[in-house]
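Me: I'd like to learn how to read a model like this one, feature by feature. Could you walk me through it?

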Amino acid sequence: MYAVIKAGGKQYRVSAGEKLRLERIEGDVGSEVQLSEVLMVGSGEAVKVGTPLVSGVSVTGKILSHGKGDKVKIFKIRKRKHYQKRQGHRQPYTEVQITAING
């Protein structure tokens, strides 16, 4: 059984037992999290697609860790104007293990 969920503006295809990195979710390490925005649920040949969400279905996961991704370097320059700007960014994430697809 698998599901397509929406979290942090992105869509993920998940099944029970998978680990994935989502945008930062508030919660303590080891706590349970409910992901209620389920777009599609499939089991073999049977597929249920929501309009836009599937009602009565949620995905349960366990928070494994929090962290920051690799640094992305931003460098802006305007030629012949003596303008240079350097900036860096590290996106925070939450690593979640999917435990069950409910419904």
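What follows is a chat about charges, contacts, backbone angles and distances.

Me: Before we start, what kind of model is this?
Reply: It's a predicted model, where local features need pLDDT of at least 70, side-chain atom pairs count only at pLDDT 80 or more, and totals for chains, interfaces and linings use all residues. Residues are numbered from 1 along each chain as its sequence is written, and side-chain values use heavy atoms, with hydrogens and water left out.

Me: Let's begin with salt bridges. How many salt bridges does the structure hold?
Reply: The general idea is a side-chain nitrogen of Lys or Arg within 4 Å of a carboxyl oxygen of Asp or Glu. Here there is one salt bridge. Its partners are K10 and E23, with 2.6 Å between the closest N and O atoms. K10 sits in strand β2 (residues 10–15) and E23 in strand β3 (residues 19–23), so the pair ties together parts that are 13 residues apart in sequence. Strands here are DSSP runs of E with at least two residues, numbered from the N terminus.

Me: Now the surface. Which residues form the positive patch?
Reply: A patch is built from residues with over 30% relative accessible area and no salt bridge; like charges are joined within 9 Å. Lys and Arg count as positive, while His and the chain ends are not counted. The place of a charge is NZ for Lys and CZ for Arg. In this model, K68, K71, K73 and R90 make up a positive surface patch.

Me: Where do K68 and K73 sit?
Reply: K68 belongs to strand β7 (residues 58–68) and is exposed at 52% relative accessibility. K73 is in strand β8 (residues 72–78) and is exposed too, at 73%. K73 also has a distance worth a look: its C-alpha is 7.5 Å from that of R86, and the two residues are 13 apart along the chain.

Me: What lies in the loop between β7 and β8?
Reply: G69 is one of the residues there. At 14% relative accessibility, G69 counts as buried.

Me: On to the backbone. Where is the cis peptide bond?
Reply: Look at the bond from T51 to P52, where omega is near -5 degrees. P52 is in the loop between β6 (46–49) and β7.

Me: And phi? What is the phi of R80, and of H82?
Reply: For R80, phi is near 65 degrees, a positive value in a residue other than glycine. H82, which is not a glycine either, has a positive phi of about 55 degrees. R80 is in the loop between β8 and β9 (83–89), and H82 lies in the loop between β8 and β9 as well. R80 is exposed, with a relative accessible area of 74%, and H82 is exposed at 83%.

Me: One last topic, distances across the chain. How many residues separate E26 and T94?
Reply: They are 68 residues apart along the chain, and their C-alpha atoms are separated by 8.6 Å. E26 is in the loop between β3 and β4 (32–35) and counts as exposed at 67% relative accessibility. For another pair, take Y93 and G30: 63 residues apart along the chain, with 15 Å between their C-alpha atoms. Y93 lies in strand β10 (residues 92–102) and is buried, with a relative accessible area of 15%.

Definitions and conventions: Patch = residues over 30% accessible without salt bridge, like charges linked within 9 Å, V, L, I, M, F, W, Y side chains within 5 Å. Areas by Shrake-Rupley, 256 points an atom, 1.4 Å probe, with all protein chains shown as cover. Helix = DSSP H or I, 4+ residues; strand = E, 2+ residues; numbered from the N terminus. Buried < 20%, exposed > 50% of the residue type's maximum accessible area, 1.4 Å probe, protein only.
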